[in-house]
Amino acid sequence: MTVQTERAPSGPAEAPKPPVKGKGRPSAPRKAGDFVPYLLLLPAVAATLVFLGWPLVNNAILSFQNLNMRQLIQRLTEWNGIDNYRDILTGPDFWRVTGRSIVFAGVNVLLIMVLGTLVGLLLARIGKKMRVSLMVALVLAWAMPVVASSTVYQWLFAQRFGVINWVLVQLGFEGMASHNWFGTQFSTFFVVTLLIVWQSIPFVALSLYAATTTIPKELYEAAALDGANAWRSFTSVTMPFLRPFLYATTFLEIIWVFKAFVQVYTINAGGPDRLTEILPVYAYIEGIGNQHYGMGSAIAMLTIVIMLLLTAYYLRIVLKQEEDQR
């Protein structure tokens, strides 16, 4: 009895057909939980649009108007196009104040980052009791309101009854008995710089100290076994971990110092002879002080543009350095 079996085809096997676009495996339906992160972000986005976006739009609209006290009282809207921007950009005052603001911000940020980093490293080295005491002092200085601390510095450096002049006289500097710290551009900027650096060091120091707590101790032990000294251990172990925190804090300090209106205006209102005006103070004096509201709005918009350009340039340098290190 012969059993017949079906033979496999001798020809080449047929290749599987590629899946037709749009007829593949159906995507899984989105779950309701996928939208929860967007719902959580919604209040923050809405608050940003209301409290930052809307005032910014109104300020941009005002910058194209000729708005003085007469128009404000009579509720008149006089559009003048780009005349405010043309008058500002073609005048010498704006560029002089811009250069002064950039130098002022650069000096302050450099001092803040250097001193704040040193204090942060000191916090990681000292004992627990000293660390807690120093951290409490830093937090108290950081928590002090800006206007209150600016007023205190104004009292400290007062010409007649200031504590600084009295201490200098006690140390033998008789010529400082009635020294006017706010009489020259350099001395006024010196006082303002002391104030801003004093206010900013706590943030940098505490941030850097928190960053040092994330460094594994095994890396320091391995560096010590390789014969690395303190400086070599700092550059090869500590700095690679602190670099992202330094970039972030430097970025925040650039923004914070560049718009330091309260300190400069409270100390001497941009004086003497408007020689210590930075861009926010310049916008306030031209807009509110001289009642050229459209001009002040235009200066404020240009200040925002300059700040964005500076921060973009800084971020470009940071990203390029990170790419080079990879």
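Tutor: Let us begin with burial: a residue counts as buried if its relative accessible area is under 20%. Please keep in mind throughout that this is a predicted model.

Student: Why is Phe-157 called buried?

Tutor: Phe-157 has a relative accessible area of 5%, and because the label requires a value under 20%, Phe-157 counts as buried.

Student: What makes Trp-181 count as buried or exposed?

Tutor: The relative accessibility of Trp-181 is 11%, and since buried means under 20%, Trp-181 is likewise placed among the buried residues.

Student: Which residues do ring pairs link into a cluster with Phe-157 and Trp-181?

Tutor: The cluster joins Tyr-153, Phe-190 and Trp-198 with Phe-157 and Trp-181 through ring pairs.

Student: How many aromatic pairs are there by this rule?

Tutor: The count comes to 12 aromatic pairs. One of them is formed by Phe-94 and Trp-95, whose centre-to-centre distance is 5.2 Å and whose planes are 75° apart, making the pair edge-to-face. Phe-94 itself counts as buried, because its relative accessibility is 2% and the label needs a value under 20%.

Student: Turning to the pockets, what makes up the lining of the largest pocket by class?

Tutor: The largest pocket, with a volume of about 530 Å³, has 23 lining residues, and among those closest to its centre are Pro-55, Asn-59 and Ile-304. By class the lining holds 15 nonpolar, seven polar and one charged residues, while α1 (36–62) gives the most to it, with eight residues.

Student: Which element gives the most to the lining of the second largest pocket?

Tutor: That element is α10, with four residues. The second largest pocket has a volume of about 420 Å³ and is lined by 14 residues, with Ala-124, Arg-125, Thr-212, Tyr-220 and Thr-238 nearest its centre. Its lining divides into seven nonpolar, four polar and three charged residues.

Conventions
Residues are numbered from 1 along each chain as its sequence is written. This is a predicted model: local features need pLDDT of at least 70, side-chain atom pairs count only at pLDDT 80 or more; totals for chains, interfaces and linings use all residues. Side-chain values use heavy atoms; hydrogens and water are left out. On a 1 Å grid over the protein atoms alone, a cavity is a set of points where a 1.4 Å probe fits but cannot get out, and a pocket is an open set with protein on both sides within 12 Å along at least five of seven lines; lining residues have an atom within 4 Å of a point. Grid points are joined across faces, edges and corners, and a volume is the space filled by probe spheres set on the points. Helices (H or I, at least four residues) and strands (E, at least two) are DSSP runs, numbered from the N terminus. Ala, Val, Leu, Ile, Met, Phe, Trp, Tyr, Cys and Pro count as nonpolar, Asp, Glu, Lys and Arg as charged, and the others, Gly among them, as polar. Rings of Phe, Tyr and Trp (its six-membered ring) pair if their centres lie within 6.5 Å; planes under 30 degrees apart count as stacked, over 60 as edge-to-face and the rest as tilted. Buried means under 20% relative accessible area, exposed over 50%, partly exposed in between (1.4 Å probe, protein chains only).
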